[in-house]
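Colleague: Could you walk me through this one, feature by feature? I'd like the general idea each time, and then the case at hand.

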Amino acid sequence: PASATIPAGSNDATFDMTIMDDEGIDASQVALITASAGLMSAQLTMTVSDDDPCLKIIPDNNPISEKNGAGTAILRRTGGLTSTKLTVALSVDDTSELSISTSSLVLDIGIKEMTFSYSGVDDLIPDGPQRATISANATGITGGSVKITVTDDEPRLALTLTPDTAAETAGAALFISLHVNGAGQRGAVGF
């Protein structure tokens with residue numbers, strides 16, 4: 001209510017408060033409750049947990065290497081929706097960087113979570129760290145996703161210039177060095 005009355009001879013008053021369901025996936029929210037009378041005021045907070053059903057993916061290893069990098073992820077359904085069997089489709093947006101062990105999981109009645117594995121794909125391309133998204137979707141529930149960073153293991157060229165500045169009329173000698181980073185991981189690299 002917008003106001004409450006403390007009866008004469010009493011130190012307190014009780015009133016009902018209604019929690020509103022916003023029907024949105026927004027995690028826990030903190031509500032601030034304020035009471036004031038004359039020059040006195042008091043505040044308290046209350047945490048309202050989100051009850052809207054959604055899927056979450058929780059990886060145990062991120063980032064991973066494209067060479068032998070792997071992890072296990074938990075697929076969790078939240079919001080109390082465990083009274084029905086739920087078939088969840090799993091997918092990866094970039095299969096040249098990341099693979100998953102299965103394309104679907106079935107959460108039986110009463111089951112809130114299951115695990116699946118994921119691993120880096122060695123693409124043999126020196127492309128630096130790449131991000132791949134694992135997505136989980138099912139009918140009647142909001143889907144979830146997580147981004148996994150896949151680090152590169154291919155050799156890369158590096159140039160060093162000494163000094164790094166010179167006047168155009170100075171005629172100064174410059175030293176340029178060419179280095180292959182990570183060459184020992186793949187063997188010989190030809191140029």
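What follows is a short tour by question and reply.

Modeller: Ground rules before we start: this is a predicted model, where local features need pLDDT of at least 70, side-chain atom pairs count only at pLDDT 80 or more, and totals for chains, interfaces and linings use all residues. Residues are numbered from 1 along each chain as its sequence is written, and side-chain values use heavy atoms, with hydrogens and water left out.

Colleague: Fine. How many helices and strands does the chain have?

Modeller: Both kinds of element are DSSP runs numbered from the N terminus: helices are H or I with at least four residues, strands are E with at least two. Here that gives 0 helices and 13 strands.

Colleague: And what share of the chain is buried?

Modeller: Buried means under 20% relative accessible area, exposed means over 50%, and partly exposed is in between, using a 1.4 Å probe and protein chains only. Of the 191 residues, 22% are buried.

Colleague: Next, pockets. Which residues lie nearest the centre of the largest pocket?

Modeller: The search runs on a 1 Å grid over the protein atoms alone; a pocket is an open set of points where a 1.4 Å probe fits, with protein on both sides within 12 Å along at least five of seven lines, and lining residues have an atom within 4 Å of a point. The largest pocket has 18 lining residues, and A4, F15, T34, A35 and S36 lie nearest its centre. Its volume is about 540 Å³, meaning the space filled by probe spheres set on points joined across faces, edges and corners.

Colleague: What is the lining made of?

Modeller: It splits into 12 nonpolar, 5 polar and 1 charged. In that scheme Ala, Val, Leu, Ile, Met, Phe, Trp, Tyr, Cys and Pro are nonpolar, Asp, Glu, Lys and Arg are charged, and the others, Gly among them, are polar. Strands β1 and β2 (40–48) each supply at least two of the lining residues.

Colleague: Let's zoom in on S36. Is it buried or exposed?

Modeller: S36 is exposed, at a relative accessible area of 60%. This serine sits in strand β1, residues 29–37. S3 is 33 residues from S36 in sequence, yet their C-alpha atoms are 9.4 Å apart.

Colleague: Now charges. Which side chains meet in a salt bridge?

Modeller: Side chains of opposite charge can pair when their charged atoms come close. The rule asks for a side-chain nitrogen of Lys or Arg within 4 Å of a carboxyl oxygen of Asp or Glu. The count is 1, and the pair is E113 with R76, at 2.6 Å from N to O. It ties together distant parts of the chain, with E113 in strand β9 and R76 in strand β5, 37 residues apart. E113 is partly exposed at 37%, and so is R76 at 28%.

Colleague: Which residues other than glycine have a positive phi?

Modeller: N68 is one, with phi near 65 degrees, and L124 is another, at about 60 degrees. N68 belongs to the loop between β4 and β5 (70–78) and is exposed at 74%. L124 is in the loop between β9 (113–120) and β10 (130–138), and is exposed at 58%.
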